[in-house]
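These are my notebook entries on one structure. I record what I looked up, entry by entry.

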Amino acid sequence: MFEQVEAFYRPASVREAVRLLQSCKGRARVVAGGTDVVVEAGHAVRFLIDITHTGLSYIRRKDGACVIGATTTMAGLEESAVVRGLAGGLLARAAATCGSMQVRNLATLGGNMANGSPAADLATVLLALDAEVVVAGAAGRKKLPVGEYLAQGAAGGMRKSLLVEAIIPRPAGGKRRGWSFQKLGRTALDISLVNVAAGIQLDAAGRVKWVRIALGAVAPTAIRARAAEEKLTGRKLDGALLAEACEAVMGAVDPISDQRASAAYRRRMSGLLAGRAVEECAAQAGCVL
Ligand SMILES: Cc1cc2nc3c(=O)[nH]c(=O)nc-3n(C[C@H](O)[C@H](O)[C@H](O)COP(=O)(O)OP(=O)(O)OC[C@H]3O[C@@H](n4cnc5c(N)ncnc54)[C@H](O)[C@@H]3O)c2cc1C
């Protein structure tokens, strides 16, 4: 599997890990939980850099935000009271759907974001939560919005960088709020054919004050359905408006056909799951559609 590997490193700090990544000239692969690395093991890989001893397994509250270190596992997210208490437990719920318990005990948030899979469940959720990530590279650390990180990663611009942590801002307060994570896979253990993360806030009259709809596995990276969000914002939520928003979602996605599903099926399911997500959010916000 890794016949060509010449060295396995276990740095004790982010700085050391970044230095190794830089010095290995594109032939190194970071290993966190290893659940993707072992599947995609490539012959070009000469050096493996295990980052699980770099001090990046933490979940902290900082200035109202929730800060999650890159090597925090799916199981750690599922169990964390802080993550379960954030945005209706959206991130904990999504983590709980990722593979089997054995996978979740190893798989990390950072690996999920960095592996470049369009179906990465946490990427969709972090997009809906307006999260940012901190990345460490040769020029030091920088903070960028999740959408930008995913786009740069897909373009190959993150190969010599280490994802350090994700920062989830505290969602704005208010009573009439709701959150939903929807996932469709061939089996409970399979990756998503389509996933949707959504959040909504209604005003006292039932008008949409704030909404986020993000989708995964239907474009090269997780995306926000901005046209659907715009349709909903400021309007009273009812069945007709929801149908319009679902049409907008189906118009926004750009899925591929593969061994799991056709593009047409994924498109149709995008609308359906987005509709279910908004309905679930609305019900939590006290509006039954
Ligand atoms: C049976 C099975 C079921 C799965 N089911 C799901 C599922 O339902 N949903 C889902 O989203 N995923 C699923 N996955 C995929 C995988 O488990 C997740 O994407 C997981 O989060 C990857 O994390 P990891 O720590 O194992 O990453 P690794 O395998 O260690 O790394 C993945 C990639 O990211 C890079 N990397 C890792 N950490 C960093 C970092 N901090 N900075 C920079 N680069 C980094 C690695 O070099 C590698 O390219 C499944 C995998 C398996 C094997």
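Which of the 30 residues around the ligand come nearest? I found that Gly33, Gly99, Gly110, Gly111 and Asn112 do; a residue is near the ligand if its C-beta atom, placed from the backbone, lies within 6 Å of it.

I note that this is a predicted model, in which local features need pLDDT of at least 70, side-chain atom pairs count only at pLDDT 80 or more, and totals for chains, interfaces and linings use all residues. Residues are numbered from 1 along each chain as its sequence is written.

I then looked up the origin of the shell around the ligand. Helix α7 (109-114) is among the elements that supply at least two residues each, and α7 gives the largest share, four residues. Helices (H or I, at least four residues) and strands (E, at least two) are DSSP runs, numbered from the N terminus. Domain 1 (7-50) and domain 2 (59-168) both give residues to the shell, so the ligand lies between them; the domain bounds come from an automatic or database domain assignment.

Strand β2 pairs with β3 (residues 47-50) in the parallel sense over four bridges, where pairing requires at least two DSSP bridges between two strands. The bridge partner of Val30 in β3 is Ile49.

Last, I looked up the open sheet, which has four strands in the order β9-β10-β11-β12 with antiparallel pairing. Its edge strands, β9 (177-184) and β12 (223-224), each pair on one side only. Strands β9 and β10 (residues 194-202) share eight bridges, and Trp179 stands opposite Gly199 in β10.
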